Amino acid sequence: RLGHGYDIPRMAPRAEAGQPVVICGVKIDGSDAPDFALGTVAHSDGDVVYHSVVDAILGALAMPDIGQLFPDNDPRWRGSDSVIFMEEAYRRMRDRGYTIGNCDVTLIAQKPRVNVEFQGSTVKAAMRDNLADLLHADLDCVNIKARTHENVDSVGECRALECHAVVTLIKD
C-alpha cells in the first residue's frame, strides 16, 4: 500500500505562536536545535513532518485523515505533542497487519535550516532518528530531505513550513 501526506502550518513570531517550531520532535528553540525566533501557529505542537507522515499512513490504510481523528476544535488536543498522533497511526497500521516498507519525507522550509550541526550531530539526523523510532523502522527505510523554496511564496518568505511524506506499507 502507498500513502501520501501533506501539511503546511503557518509560522509567526514565537510570542504570537505561543510555541517554538517543532519538526520531527526536534524543538527549534535552542534546546534540541539552534534557536529560531519563529514558532508554529497550530492547535497541537504543529509538527509538520509528523502530521504529514500520520496522514500518509492513514491514507495508505484508506482511513480518516489526521483532522478527522484529532480535530483542531477539540480542546483535548490543544498543545498536544504530535508523538500521540504518530503512535495512533502506528497502532492502526499494526492492527491491520502492516509495517513500514519505506518512509520518504520532503521538508520545505526557507528557515529554520535543518542541515546544520548541533551538539555533535546534524539536526536532520536527529529528526530522522526520531521518525524511525516512532515508526519502529530501520534507518535505511526512513529518509528526510530538506530544501528551501527559493524565497518564493509563504514558505520562501518564512511565513509557513511545508512537508510531503510518502509511505509504503507491507503486509506482515
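Q: In what order do the four strands sit in the open sheet?
A: The order is β1-β10-β6-β9, and the pairing is mixed. Strands here are DSSP runs of E with at least two residues, helices are runs of H or I with at least four, and both are numbered from the N terminus. Two strands count as paired if DSSP finds at least two bridges between them. The edge strands are β1 (2-7) and β9, each pairing on one side only. From one strand to the next, the twist averages 15°.

Q: What am I looking at, and how are residues numbered?
A: This is a predicted model, where local features need pLDDT of at least 70 and side-chain atom pairs count only at pLDDT 80 or more, while totals for chains, interfaces and linings use all residues. Residues are numbered from 1 along each chain as its sequence is written, and side-chain values use heavy atoms, with hydrogens and water left out.

Q: Which way does β6 run against β10?
A: Antiparallel, over 10 bridges between β6 and strand β10 (residues 162-171). In that pairing, C103 has V167 as its bridge partner, and I108 stands opposite E162.

Q: And how many bridges join β6 to β9?
A: Six, and β6 runs parallel to strand β9 (residues 142-147). On that side I108 stands opposite R147.

Q: Is β6 largely enclosed or open?
A: Strand β6 (residues 98-108) has eight of its 11 residues buried, so it is largely enclosed by the rest of the structure. Buried means under 20% relative accessible area, exposed is over 50%, and partly exposed lies in between (1.4 Å probe, protein chains only).

Q: Which α5 residues are buried?
A: V123, M127, L131, A132, L134 and L135. An α-helix has 3.6 residues a turn, so residues three or four places apart point the same way.

Q: What does L135 touch?
A: Leaving aside neighbours within four places in sequence, L135 is in contact (heavy atoms within 4.5 Å) with V53, I57, M86, Y90, I100, C103 and V142.

Q: Which residues touch the most others in the largest nonpolar core?
A: V49, V53, L131 and L135, out of 52 residues. The elements giving two or more residues to this core are α2 (48-60), α4 (83-95), β6, α5, β9 and β10. Helix α2 gives the most, with nine residues. A nonpolar core is a set of buried Ala, Val, Leu, Ile, Met, Phe, Trp, Tyr and Cys residues joined through side-chain atoms within 4.5 Å.

Q: Cysteines, then. How many disulfides?
A: Zero, taking a disulfide as a pair of cysteine sulfur atoms within 2.5 Å. For C103, the nearest cysteine sulfur is that of C24, 8.1 Å away.

Q: Are C103 and C163 buried or exposed?
A: C103 is buried, with a relative accessible area of 0%. C163 also counts as buried, at 0% relative accessibility.

Notes
Axes fitted to C-alpha atoms, helices over the stretch in contact; angles between N-to-C directions.
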